[in-house]
Amino acid sequence: MNIHEYQAKALLRSHGVHVPQGEVAFTPQEAFKIAQVLKGPLWVVKAQIHAGGRGKGGGVKLAKSEEEVKSLAEQILGMTLVTPQTGPQGRLVKKVYVETGCSIVHEFYFSLLLDRTISRLIFLASTEGGVDIEEIAKAQPEKIIKVTIDPVSGFQPFHGRKLAYGLGLKGDQIKELMAFAKGIYDTFMSLDTSLIEINPLVLTHEGKILALDAKMSFDDNALYRHPALEDLRDVDEEDPMERDAALNELSYIKLDGNIGCMVNGAGLAMATMDIIKLYGGDPANFLDVGGGATRERVTKAFKIILSDPHVKGILVNIFGGIMRCDIIAEGIVAAVKDIQLTIPLAVRLEGTNADLGKEIFAHSGLPIQSLDDLSAAAKCIVEAVKEVA
């Protein structure tokens with residue numbers, strides 16, 4: 001789950017991390033009143049969407065008067081903001097964040113995330129803040145500072161010092177950065193966060209370390225431990241199909257292709273998408289129905305796939321272990337009858353009750369291509385979709 005910048009900053013502030021003062025506004029008049037309370041001489045008006053690169057798209061503006069804050073809010077609210085992370089369709093801006101400006105000496109990049117390759121939390125920092133960190137990592141990897149945290153000992157003062165020295169900080173600035181890093185770590189651990197990214201982290205002329213921006217993501221599997229965080233979810237910023245899938249306990253991620261995939265097991269789903277690519281097709285989604293899916297959940301999964309207008313064919317790949325293939329078959333038949341499917345469908349069933357599942361397809365009277373081999377099924381659906389196109 002992702003949240004907005006203003007929400008992330010509120011959580012960071014509650015854990016002792018220094019952030020500029022600010023409030024969220026839904027109308028230009030609210031933005032004007034917030035500017036009056038915060039006082040100047042500088043304010044920043046920021047579009048609030050779940051995407052980075054807002055400044056590049058015109059979603060972050062500097063104001064020098066309270067009236068200008070109101071004027072900029074009028075410009076940004078209601079705009080469709082296009083950034084490198086939104087895609088060409090952009091995102092509709094429904095709220096802005098108004099915060100006090102600050103006098104900046106230097107901008108840094110700073111983040112804390114889980115490195116799954118080593119099963120450790122890792123701080124990433126760089127003197128090149130305010131830019132795409134991916135480009136810095138490619139062009140100047142020596143400018144990326146990495147500090148790994150042992151889960152047994154947790155965050156220690158020497159971690160903070162190493163980060164501060166790597167960023168070239170001196171004197172009291174080192175203590176500021178150490179406290180800042182400790183606050184980020186405490187926030188991460190206490191809220192089951194999967195990512196905290198600050199870009200830019202700034203050093204002010206007053207010697208303060210501030211999070212000028214904040215991106216925060218949470219582990220969905222741990223949200224049950226933090227019911228208050230669930231209230232921060234903005235469903236308007238989520239893909240409606242992904243949201244619908246989550247409500248039905250389905251793992252679904254929309255992609256850019258035209259061949260829908262329904263598979264049980266994350267690894268098998270990845271392999272299925274790979275083999276579609278191998279035969280020249282493009283998967284439209286990742287969808288894992290899980291090992292204990294019911295007929296109703298399978299039917300729902302099928303309908304979610306078909307709700308994507310870009311889907312021109314569907315490949316179902318089921319290996320029945322805990323999952324029974326006849327349950328999958330019944331769900332697919334029910335969904336096809338309900339929706340009156342008009343696009344090609346190829347199904348590969350193997351494992352528990354696979355023969356029974358194939359019999360269900362054979363007696364359904366529906367145009368379902370049932371195949372025994374995954375390669376044959378993938379090749380079949382790719383060719384069928386190309387013929388339709």
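A residue counts as buried when its relative accessible area is under 20%. Glutamate 5, at 4% relative accessibility, therefore falls in the buried class. The model described here is predicted.

**Salt bridges**

Side chains of opposite charge can pair when their charged atoms come close. The count here is 19 salt bridges. Three of them are described below.

Start with glutamate 5. Its side chain meets that of arginine 54 in a salt bridge, with N and O 3.0 Å apart. Glutamate 5 sits in helix 1 (residues 5-14), and arginine 54 in the loop between strand 2 (43-47) and strand 3 (60-63), so the bridge ties together parts that are 49 residues apart in sequence. Arginine 54 is buried, at 7% relative accessibility.

Next comes glutamate 99. It forms a salt bridge with lysine 46, again with an N to O distance of 3.0 Å. Glutamate 99 is buried at 1% relative accessibility. Lysine 46 is buried too, with a relative accessible area of 6%.

Lysine 208 is in the loop between strand 10 (193-204) and strand 11 (209-211), while glutamate 176 is in helix 6; the two are 32 residues apart. Lysine 208 is partly exposed, at 40% relative accessibility. Glutamate 176 is buried, with a relative accessible area of 18%.

| Salt bridge | N to O distance |
|---|---|
| Arginine 54 and glutamate 5 | 3.0 Å |
| Glutamate 99 and lysine 46 | 3.0 Å |

**Aromatic pairs**

The structure holds five aromatic pairs. In one of them, the ring centres of phenylalanine 110 and phenylalanine 180 are 5.5 Å apart. Their planes stand at 80°, so this pair is edge-to-face. Phenylalanine 110 lies in strand 7 (residues 104-115) and phenylalanine 180 in helix 6 (residues 172-190), 70 residues apart, and the pair links these distant parts of the chain. Phenylalanine 110 is buried, with a relative accessible area of 0%. Phenylalanine 180 is buried at 3%.

Another pair is made by phenylalanine 123 and phenylalanine 155. Their ring centres are 5.9 Å apart, and the planes meet at 70°, so this pair is edge-to-face. It links phenylalanine 123 in strand 8 (residues 120-126) to phenylalanine 155, 32 residues apart, in the loop between strand 9 (144-149) and helix 5 (157-166). Phenylalanine 123 and phenylalanine 155 are both buried.

Ring pairs also build a cluster, with Phe110, Phe123, Phe155, Phe180 and Tyr185 as its members.

**Cysteines**

How many disulfides does a search of the whole structure find? It finds zero. A disulfide needs two cysteine sulfur atoms within 2.5 Å. For cysteine 261, the closest cysteine sulfur is that of cysteine 380, 14 Å away, which is too far for a bond. Cysteine 261 is buried, at 2% relative accessibility. Cysteine 102 is partly exposed, with a relative accessible area of 25%.

Note on methods: Residues numbered from 1 in each chain as written. Heavy atoms only, no water. Buried < 20%, exposed > 50% of the residue type's maximum accessible area, 1.4 Å probe, protein only. Phe/Tyr/Trp six-rings, centres within 6.5 Å; stacked < 30°, edge-to-face > 60°. Helix = DSSP H or I, 4+ residues; strand = E, 2+ residues; numbered from the N terminus. Salt bridge = Lys/Arg side-chain N within 4 Å of Asp/Glu carboxyl O.
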